[in-house]
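Let's take a look at how two protein chains sit together. Have the sequence and the 3D view open as you read.

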Amino acid sequence: MRRRAIISMTPLIDVVFILLVFFMLASSFMDWRTIELGVARAGGSGAMKGAMLVELRGDELRLSGRTVSETDLMRTLSARFEKDPAQKVLLKPEAGVPLQRAIDLIDRLAAAGGRDVSFVSAPEAR
Amino acid sequence: MAFGKPVRRRPDEDQRIMPLINVVFLLLIFFMVAGQLSKTDPVKIEPPLSESEKEPGAREIQVLIAPDGRLLLGGEEIGAGDLSARLAGILEGQKHKTVHVKADGSADALDVIAVLDRIKAAGVEKVRLLTSARGAP
């Protein structure tokens, strides 16, 4: 015995296709992650004490005012983090540096063991 | 018989498209379950990639930063000066004072920092920057 369809299949397929197209277009498969960020106030004394300042320039990095290569920076900071895991690092990008570069550096600092990385806001931004 | 044929062919046709419907249903269920329906942003924002493993929780308050530095709060454009006051108003009486910032990866980092600073000034406890997971190399 052949099962008889009570309703016709064609409208059902139409509706299902429309739903399928809707969900394909409307859903996003973005894999979101977050980074928690602190912002230290430049000029404030408490937050800056004992912190290492990393300046992010257009094409160079500076650690406490001295130009360093990235491998040197990572080596210095890894050693610091090993001694004191709570070592603060302040990140100060120059104007024009894209956010992606700053995030890349935060990633690498986190990989080196830095737990307290925050940005420094320029005083003139307020 | 002349008209016996079409009557008998209908169930045959149904049988033939059954696998198609099965596949389409499976696809439909996949997209319904795996994808997230979310409101699209009024501006196109490419979030920066990061290796962070923390996944965002509920994103109730979200500040968008467009590549050119424009700010959007709750879908409408807002001036940098109004941000603190508006956020403070929204946050009043809320328990979890968490704000998510969705900034474009090519936005000026200093602009983003200035915005973060303003958000902090509004009394927000946690500011989280949304990034997208870097694909496995």
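## One buried serine

A residue is called buried when its relative accessible area is under 20%, exposed when that is over 50%, and partly exposed in between (1.4 Å probe, protein chains only). By that rule S50(B) counts as buried, because its relative accessible area is 1%. You'll find S50(B) in strand β2 of chain B; helices (H or I, at least four residues) and strands (E, at least two) are DSSP runs, numbered from the N terminus.

What does S50(B) touch? Leaving out residues up to four places away in sequence, the list is I35(A), I103(A), D107(A), T131(B), S132(B), A133(B) and R134(B), where contact means heavy atoms within 4.5 Å. With T131(B) there's a polar contact, side chain to side chain, at 2.8 Å. A polar contact is a pair of N or O atoms within 3.5 Å; within protein, one must be able to donate a hydrogen and the other to accept it, and residues adjacent in sequence count only if both atoms are side-chain atoms.

## About the model

This is a predicted model, where local features need pLDDT of at least 70 and side-chain atom pairs count only at pLDDT 80 or more, while totals for chains, interfaces and linings use all residues. Residues are numbered from 1 along each chain as its sequence is written, chains are lettered from A and ligands numbered from 1 in the order in which they are written, and side-chain values use heavy atoms, leaving out hydrogens and water.

## Where the chains meet

On chain B, 58 residues are in contact with 44 residues of chain A. The two chains bury about 4,700 Å² between them, 65% of it on carbon and sulfur atoms; that's the accessible area (1.4 Å probe) that two parts lose on being put together, summed over both. In chain B, F31(B), I113(B) and D117(B) lose the most area to chain A.

There's one salt bridge between the chains, meaning a side-chain nitrogen of Lys or Arg within 4 Å of a carboxyl oxygen of Asp or Glu. E36(A) and R128(B) meet in a salt bridge at 3.1 Å, N to O. As for elements, α1(B) gives the most to the side of chain B that touches chain A, with 16 residues.

## The nonpolar cores

A nonpolar core is a set of buried Ala, Val, Leu, Ile, Met, Phe, Trp, Tyr and Cys residues joined through side-chain atoms within 4.5 Å. The largest one has 47 residues, and V54(A) and L83(B) are among those with the most contacts inside it. A second, separate core of six residues includes F23(A) and F31(B).
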